[in-house]
Amino acid sequence: MPFRECTITLQDVAYQIALPVDGQAVFGCMTDFHLHIKGARLAWEWFEDLFGELPPPDKRKLYTVHFTWFHERFRVLPADASEETVRIYARAYIMMLLSTQLFMYKSANRVHLCWLPFVARLDNMGSYSWGAAALAWLYRCKCRVANRNVTNLAGPLQLLSSWIFWRFPTLRTQGFDAGARKLHSHYVISHN
C-alpha cells in the first residue's frame with residue numbers, strides 16, 4: 001500500500017468475526033485427513049454414526065457430501081427433537097459452516113468429512129483456535145490466487161470483506177458513518 005504494508009491479523013479475526021485465536025491447533029484437516037480418521041475407521045462409517053444415516057451415493061464424492069443434501073436434510077429442527085437429534089443438527093450446521101464459510105474451496109458446494117473429528121466432540125469445539133486456522137487458510141488461498149492460472153478466490157471471504165470495510169473507510173458506502181453514529185447514539189440513549 002502507498003502508506004505501508006498492511007495485512008489481516010489475529011486481532012482482526014478476533015474483533016471482526018469473533019473467532020477464538022487461542023487454544024488447540026486445528027491441523028491435519030485438509031491435507032492429511034486420511035491419517036487422522038479416528039482409529040483408522042472408514043470415514044463413511046463414522047459419518048453414519050454421527051449423523052444417523054448416509055447421504056445417497058449420488059450426493060457423495062470421495063470425502064465430501066454435496067451441500068444441498070445437508071441443507072435439505074437438516075433445514076428445520078423438528079419441534080419434538082430429542083437431545084441427540086439436536087446434537088446431530090448442530091453437527092450438520094457446523095460442518096456446513098466450516099466447509100462453506102471458514103474453510104471454503106472455490107466451488108463452496110461440498111461439505112468435507114475432514115471436520116468429523118471436531119464435530120464428534122461438540123463440547124470441545126470452543127477449545128480450538130478457529131480464528132488462527134481461518135486466517136492461515138485465507139493466507140494460503142490468497143497465495144494460490146496470485147497464480148495467473150487461478151481465477152477465483154476461496155477461503156473465509158467474509159473475514160476479508162470485513163477487514164477491507166473496517167480498515168479502508170474510503171471504500172465504505174456513502175453515508176455509512178452518519179448512519180452508524182445515529183445507530184450508536186440511539187443505542188446509548190436507550191440503554192441509559
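Which pattern does the protein follow when read along the sequence? Coloured by secondary structure, this predicted model reads α-α-β-β-α-α-β-α-α-α-α, with eight helices and three strands, where helices (H or I, at least four residues) and strands (E, at least two) are DSSP runs numbered from the N terminus. Residues are numbered from 1 along each chain as its sequence is written, and side-chain values use heavy atoms, without hydrogens or water. In this predicted model, local features need pLDDT of at least 70 and side-chain atom pairs count only at pLDDT 80 or more, whereas totals for chains, interfaces and linings use all residues.

Begin with Phe51, Phe70 and Trp130, the residues with the most contacts inside the largest nonpolar core, which has 45 residues; such a core is a set of buried Ala, Val, Leu, Ile, Met, Phe, Trp, Tyr and Cys residues joined through side-chain atoms within 4.5 Å, and buried means under 20% relative accessible area with a 1.4 Å probe, protein chains only. Next select α2 (43-51), α3 (67-73), α4 (83-102), α5 (116-119), α6 (130-145) and α7 (157-167), the elements that give two or more residues to this core; α4 gives the most, with eight residues. Because domain 1 (1-23 + 130-136 + 154-191) and domain 2 (27-127) both give residues to this core, it lies between them, the bounds coming from an automatic or database domain assignment.

Now turn to the aromatic rings, where Phe47 and Trp69 form a tilted pair, 6.1 Å centre to centre with 50° between the planes; rings of Phe, Tyr and Trp (its six-membered ring) pair if their centres lie within 6.5 Å, with planes under 30 degrees apart counted as stacked, over 60 as edge-to-face and the rest as tilted. Phe47 lies in helix α2 and Trp69 in helix α3, so the pair ties together parts that are 22 residues apart in sequence. Phe47 is buried at 0% relative accessibility, and Trp69 is buried at 8%.

Move to Phe118 and Trp130, an edge-to-face pair at 5.2 Å centre to centre and 65° between the planes. Phe118 lies in helix α5 and Trp130 in helix α6, so this pair joins parts that are 12 residues apart in sequence. Around Trp130, leaving aside its neighbours within four places in sequence, the residues in contact (heavy atoms within 4.5 Å) include Leu19, Pro20, Leu98 and Met125.

Finally, select Leu113 in the loop between β3 (110-112) and α5; Leu113 is buried, with a relative accessible area of 0%. Leu62 is 51 residues from Leu113 in sequence, and their C-alpha atoms are 9.2 Å apart in space.

Conventions: Buried < 20%, exposed > 50% of the residue type's maximum accessible area, 1.4 Å probe, protein only.
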